Amino acid sequence: MRKICVAALLSAAAMGACVGVGEKEGPPEIPLLPGGYRIALDGDRVDPGQFLTTETPDGIRVTTGPGGIAWRPADTVRVGDFRAEATLTLMGAPVAYREGYGIFVGGRNLGEASPRYVYLMVRATGEYLIRRRVGAATETLVDWLPHAAIQRVDADGDTPVNTVAIEVRGDEVRFLVNGTVVFLMSVQEVRPYGVAGLRVSHRLDLVVGEWSLGPPPPDAPVTP
């Protein structure tokens, strides 16, 4: 049986914890959030002080200069069905802004020279992207595609709220936005087991209202 945790990021007090199963930890990382969160930024010559987090009544506000990932080593899944999910509110983005944000699964060697993970991101234009990172290289599994389920910025001042999720059921991996499956792949293609966390591109302002990692909800028909 796998050991998994369910945690909410609504406040520091709401953050849960679980025991990861044998996940190798990298070198010491810069703490991102209360509760043992860590960050790794894109590039070797970036200023960690430009990746800022602030607790607010609505959740954790994340403001980025450089892009990067945030995770807890405890949020690790080795086997079985699971869903990783985050509810993200985009703040202050102009119409047609093209920087993405979302979540990742399958994290290995995070904070080291050769990280591995697969991520799902959305952006203000109402599109989603699925990529795999291996070291400094990225492989595009699904290039930016529009989808009606994605909340977008249609006018200055819009603050779209998108819940993004990656879910494993049997041999199938489902990529979801706001409860709608936008793409399906096999477990063999995705390799989703490992650490799960957040992926945020550069120059973004987000509120992370909720983060969870746990069993998937009851199954329902899928029509991506």
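Buried means under 20% relative accessible area, exposed means over 50%, and partly exposed is whatever falls in between (1.4 Å probe, protein chains only). The model here is a predicted one, so local features need pLDDT of at least 70 and side-chain atom pairs count only at pLDDT 80 or more, while totals for chains, interfaces and linings use all residues. Residues are numbered from 1 along each chain as its sequence is written, and side-chain values use heavy atoms, with hydrogens and water left out.

On to the charged pairs. The structure holds 13 salt bridges, each being a side-chain nitrogen of Lys or Arg within 4 Å of a carboxyl oxygen of Asp or Glu. One of them links Arg-133 to Asp-42, with the closest N and O atoms 3.2 Å apart. Arg-133 sits in strand β9 (residues 127–134) and Asp-42 in the loop between β2 (38–41) and β3 (51–56), so this pair ties together parts that are 91 residues apart in sequence. Strands are DSSP runs (E, at least two residues), numbered from the N terminus. Arg-133 is buried, at 16% relative accessible area, whereas Asp-42 is partly exposed at 24%.

Glu-172 pairs up with Arg-174, the closest N and O atoms being 2.8 Å apart. Here Glu-172 is partly exposed at 26% and Arg-174 is buried at 7%.

Asn-178 has a positive phi of about 55° despite not being a glycine; Asn-178 lies in the loop between β12 (172–177) and β13 (180–186).

Technical notes: Helices (H or I, at least four residues) and strands (E, at least two) are DSSP runs, numbered from the N terminus.
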